[in-house]
Number of protein chains: 2
Amino acid sequence: MRRFQKSTIRDVAERAGVSITTVSHVVHGKASACSKETKKRVEEAIQQLQYTPNSLSQSLHQKGTGIIGVGVQPPTNIKQFGSAFAEQVWLGLSQAADYLGTSLLQFPSVIRDNIACEPFLNGQIDGLILSENSDNTRLDALERAGLPTVTITRSRNFPTSIGAVFANEEDVVRLALDHLRSLGHTRIAHVAGPIEQKQRPGEVLHVNDIALWRHDAFATSMREQHASPPLISGGLSWSHQDDASTLLRDWLSLPEPPTALFCANDQIAQEMVVAARSLGREVPKDLSIVGVDNTSLPDTTNLSLTTIEIPSFDIGYESLFCLQRLRSGSPIEQCRVMLPVTRLVPGESTAPPPSHKK
Amino acid sequence: MRRFQKSTIRDVAERAGVSITTVSHVVHGKASACSKETKKRVEEAIQQLQYTPNSLSQSLHQKGTGIIGVGVQPPTNIKQFGSAFAEQVWLGLSQAADYLGTSLLQFPSVIRDNIACEPFLNGQIDGLILSENSDNTRLDALERAGLPTVTITRSRNFPTSIGAVFANEEDVVRLALDHLRSLGHTRIAHVAGPIEQKQRPGEVLHVNDIALWRHDAFATSMREQHASPPLISGGLSWSHQDDASTLLRDWLSLPEPPTALFCANDQIAQEMVVAARSLGREVPKDLSIVGVDNTSLPDTTNLSLTTIEIPSFDIGYESLFCLQRLRSGSPIEQCRVMLPVTRLVPGESTAPPPSHKK
DNA sequence: CCAATTTACCAAAAGCTTTTGGTAAACATT
DNA sequence: AATGTTTACCAAAAGCTTTTGGTAAATTGG
């Protein structure tokens, strides 16, 4: 198949018998310096040659491509089932992009994972939206590179000129604990995400800001309630099967075992359900379990989870506006958006504690 | 905020005291003509200035950006609930892109809808994947523009040098009819999508190739079975509430009314469920209904639909490989992929016909 | 020691556009 | 008629890179 040779502005100029400048003027409607006569000739030539300006050249000249890079981890490793979080974020982003008339560029993971080290991006994009799993080293590099960046890291710490959109994790904890307490639970444990720098061989484990924030909020809340035992919490890796039942066995053999678990995400929650069953406990009769995310995970437990819904769509949607503000030079505080979390999705995994007499 | 001035290859050259050419050589590892001494100096300068080549310029020169444009209609108008089809396609695309190391560019609808008329795209993208709702005029224009294009129009007719990935609609019809017949149905009606050029004021209605194909396959199958009444079929708009009950009332008042409906998509199917109920019929007791798409639509009917699952993930996945072949000049037949449809998702909307005695 | 080759590097063109700073002619003003 | 102002257009620079076709010096071979 013969590769079609695009016609350039020069071809048009030649055909119309005018200069390149004039063609450019006609194309961009700078009619000021152009007779009707000439204009018509140029337009005809454009028509005949099917000329359209090369946008690469245009962007090169006028700085800015109208494209925003998106480094949100797409759900690539599971076939039919992606992360509902990423999907909702993407939906929000799409909608905002549609509204603002920007294009969205999604990188393959090869590039995404090196995004700071070697920004191919250079010039290609006007800004970047990056998801949670980008560590601060990377963000620092991006800041130095001068690329306006907004993270949706759902976290609190980031370099000074980087924007951020995240959920209020105190809301999350409050919703979960209020729900459990209103059912009558007092001994509530928290299964956290990776909050310690513990590392198994061959596995890199980041301390996760959100995990830490949730953990802290949980600890504070439990202290305020003078709950006894004050708090239990295990720094479980963000998801790792075999830990679950070991941890749970230890907890359940305590003199005053917890009657409810607040888990850092739905996946951990599901694992705990499995673990509880393997230890002969019934959920929710013997043990109530709350997750976070409202990820519609493939259901391995046959039990709908009580969970806290993170406003992932809104995070995606807001982040683009946030980036817009950042690019237009708004003060950085206006580029940090904390979204309230308001929705607890009731499920079948929570009930009053076993000892609770009505 | 001071806009950071990117350093250029010229800056590096100056700093290292060499020519631009040499810097370019070092950057691209053409070590042939370069002493270790110089190389080190250049590398230091690059390091100090945080230089990275401007990819716009690079692409301008070497033709090809490694970016594929995606004109799949994203689910923009419904907040939390997009079209599951588009989402799955997007997932498939993402995964293929990841595998191939290409980036994906998603346009806002302003651009997407004019994509052929005025291809901004010129140079910006190496190829295009376009979803169903692009008419042939547009495809013709793209073909003329020489942009390698693959449609996932799920259809049969397209310009000669355009690739396509689509589902086998005969499979779809066969699955649906086999299911209904095995339940005992013989009088089956088909509620088609827009197969006639009928148009209400203010509404543009395209004749839809898929709708037509399904319709034809249905007609053929019914004729083969010598079904009486031979076939009934209404050219309903691809989704329009008020038509549904009018149509159904007409059909049910026939001397031999249909006992099952095969609907062109899940949305139509849902409307038919509503219509049936409003006419005092129970689904599936009095009337069985089959949809197509396995769209997880917001459930307005409180009834899980029996439906045919279109392999939307695979359509997305395959389309990128298809485009790859198209770009590398493979014969066009190899850029036309028809995917088999194998999965009927059982639901609560089908049952044996009322007259059927066991 | 001279010629031939290799090495190390560079200037300039090519790639396509937009913008700046013009010129030459036509027209208006006094 | 001389000066000023538009009008209609253009050449060249700028934007950043890669590649081509060199040159000058260093090295090798006879």
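**Loops, a cis proline and a helix pair**

Start with B:P284, which sits in the loop between α11 (266-278) and β9 (288-292) of chain B. Helices here are DSSP runs of H or I with at least four residues, strands are E runs of at least two, and both are numbered from the N terminus. This is a predicted model, where local features need pLDDT of at least 70, side-chain atom pairs count only at pLDDT 80 or more, and totals for chains, interfaces and linings use all residues. Residues are numbered from 1 along each chain as its sequence is written, with chains lettered from A and ligands numbered from 1 in the order in which they are written.

Back to the proline. The peptide bond joining B:V283 and B:P284 is cis, with omega about 5 degrees. Chain A has a cis bond between A:V283 and A:P284, omega about 5 degrees.

Next, B:Q50. It is not a glycine, yet its phi is positive, about 55 degrees. Find B:Q50 in the loop between α3 (36-49) and α4 (55-62) of chain B.

Now the helices. In chain B, the axes of α1 (residues 9-16) and α2 (residues 20-27) come within 8 Å and cross at roughly 105 degrees. Axes are lines fitted to C-alpha atoms, for helices over the stretch in contact, and angles run from 0 to 180 degrees between N-to-C directions. So α1(B) is roughly perpendicular to α2(B), a label for angles of 65 to 115 degrees; under 35 is roughly parallel, over 145 roughly antiparallel, and the rest oblique.
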